[in-house]
Amino acid sequence: MFGVSRQAVYQKENRYFKRREDLEKVKSLVLNTRKELPRLGTRKLYYLLSDKFDAIGVKIGRDGLHRYLREENLLIKP
């Protein structure tokens with residue numbers, strides 16, 4: 001159908017749900033850190049949490065974290 005196999009459709013769906021689960025873990029780490037340091041920006045937040053991201057097996061970069069925080073309205077207002 002439309003040049004895409006059934007297997008590719010299901011793989012994409014599985015990747016989407018796995019990524020959502022990973023981002024929920026990231027959100028909980030960010031919220032816990034922000035309780036202690038509420039004005040911490042994305043760059044410092046990323047470098048503070050990057051070891052924890054590796055420990056829980058989540059692959060996210062600084063720009064990806066910034067994009068996710070913007071989507072969830074978790075950026076710090078100037």
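Where is Asn 73 found? Asn 73 lies in the segment after helix 3 (62-71). Helices here are DSSP runs (H or I, at least four residues), numbered from the N terminus. Asn 73 has a positive phi of about 55°, although it is not a glycine. Asn 73 is also exposed, with a relative accessible area of 63%; exposed means over 50%, buried under 20% and partly exposed in between, using a 1.4 Å probe on protein chains only.

A quick note on the basis of all this: the model is predicted, with local features needing pLDDT of at least 70 and side-chain atom pairs counting only at pLDDT 80 or more, while totals for chains, interfaces and linings use all residues. Residues are numbered from 1 along each chain as its sequence is written, and side-chain values use heavy atoms, leaving out hydrogens and water.

Now let us walk back into helix 3. Its buried residues are Leu 65, Tyr 68 and Leu 69. They sit on the same side of helix 3 because they cover an arc of only 100° around the axis, the arc being that of the directions from the helix axis to the C-beta atoms. An α-helix has 3.6 residues a turn, so residues three or four places apart point the same way. The buried residues of helix 3 pack against helix 1 and helix 2, where contact means heavy atoms within 4.5 Å.

How do the helices pack? The table gives two pairs, with axes as lines fitted to C-alpha atoms over the stretch in contact and angles running from 0 to 180 degrees between N-to-C directions.

| Pair | Axis distance | Angle |
|---|---|---|
| Helix 1 and helix 2 | within 11 Å | roughly 140° |
| Helix 1 and helix 3 | 11 Å | about 80° |

Helix 1 is therefore oblique to helix 2 and roughly perpendicular to helix 3. For these words, angles under 35 degrees count as roughly parallel, over 145 as roughly antiparallel, 65 to 115 as roughly perpendicular and the rest as oblique.

In the contact of helix 1 with helix 2, residues of helix 1 including Val 26, Leu 29 and Val 30 meet residues of helix 2, among them Leu 45, Leu 49 and Phe 53. The residues of this contact divide into eight nonpolar, one polar and three charged. Ala, Val, Leu, Ile, Met, Phe, Trp, Tyr, Cys and Pro count as nonpolar, Asp, Glu, Lys and Arg as charged, and the others, Gly among them, as polar.

On the helix 3 side, Leu 65, Tyr 68, Leu 69 and Glu 71 meet residues of helix 1, including Arg 20, Leu 23 and Lys 27. The contact of helix 1 with helix 3 has six nonpolar, no polar and five charged residues.

Conventions
Helices (H or I, at least four residues) and strands (E, at least two) are DSSP runs, numbered from the N terminus.
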